[in-house]
Amino acid sequence: MFDIIELAAKVFAHEHKAATTLGIGIQRMKDATNIMNDSGIRTGRHRGQEAGCQREPTPAEAQLCESVAEEIVTEYTNLV
């Protein structure tokens, strides 16, 4: 899912511009990015870099990340 956010940031030249252009909201995108980059989450982008046990994302964290990724794809599709 992080690849979707990275690609949107690249297409729109910045994560903030991608969020506002796609109507997602910069705070929601930042929150999702922070969850995806959390090395303490087993399925995170930087998994394995945290010493000790890793955890699963909470249902709310997973829902946020999934919904942001879906909104990026849907809204970008509507633009092109």
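Predicted model: local features only at pLDDT ≥ 70, side-chain atom pairs only at ≥ 80, totals over all residues.
Is K30 buried, partly exposed or exposed? At 42% relative accessibility, K30 counts as partly exposed, where buried means under 20% relative accessible area, exposed means over 50%, and partly exposed is what lies in between, with a 1.4 Å probe and protein chains only. K30 has its place in helix α3, and its C-alpha atom is separated by 8.9 Å from that of H16, a residue 14 residues apart from K30 along the chain.

Residues are numbered from 1 along each chain as its sequence is written, and side-chain values use heavy atoms, with hydrogens and water left out.

The pLDDT, which is the predictor's confidence in each residue on a scale from 0 to 100, has a mean of 88 over the chain, and 89% of the residues reach 70 or more.

Now the overall layout. Of the 80 residues in the chain, 31% are buried. If we take contacts, meaning heavy atoms within 4.5 Å, between residues at least 6 apart in sequence, then 48% of them join residues at least 24 apart.

Let me turn to helix α4. It has 21 residues and reaches 30 Å from its first C-alpha to its last, close to the 30 Å expected at 1.5 Å a residue, the expected span being 1.5 Å times one less than the number of residues. Its buried residues are E61, L64, C65, S67, V68, A69 and I72, and they pack against α1 and against α3, which covers residues 26–36.

E61 is buried, with a relative accessible area of 16%, and its side chain makes a polar contact of 2.8 Å with the side chain of R55. A polar contact here is a pair of N or O atoms within 3.5 Å; within protein, one must be able to donate a hydrogen and the other to accept it, and residues adjacent in sequence count only if both atoms are side-chain atoms. Leaving aside neighbours within four places in sequence, E61 is in contact with I35, I41 and R55. S67 is also buried, at 13%, and a polar atom of its side chain lies 3.0 Å from the backbone oxygen of L64.

Finally, the structure holds one aromatic pair. The rings of F12 and Y76 have their centres 6.2 Å apart and their planes at 85°, so the pair is edge-to-face; by definition, rings of Phe, Tyr and Trp (its six-membered ring) pair if their centres lie within 6.5 Å, and planes under 30 degrees apart count as stacked, over 60 as edge-to-face and the rest as tilted. The pair links distant parts of the chain, with F12 in the loop between α1 and α2 (15–21) and Y76 in helix α4, 64 residues apart. F12 counts as buried at 13% relative accessibility, whereas Y76, at 35%, counts as partly exposed.

Note on methods:
Helix = DSSP H or I, 4+ residues; strand = E, 2+ residues; numbered from the N terminus.
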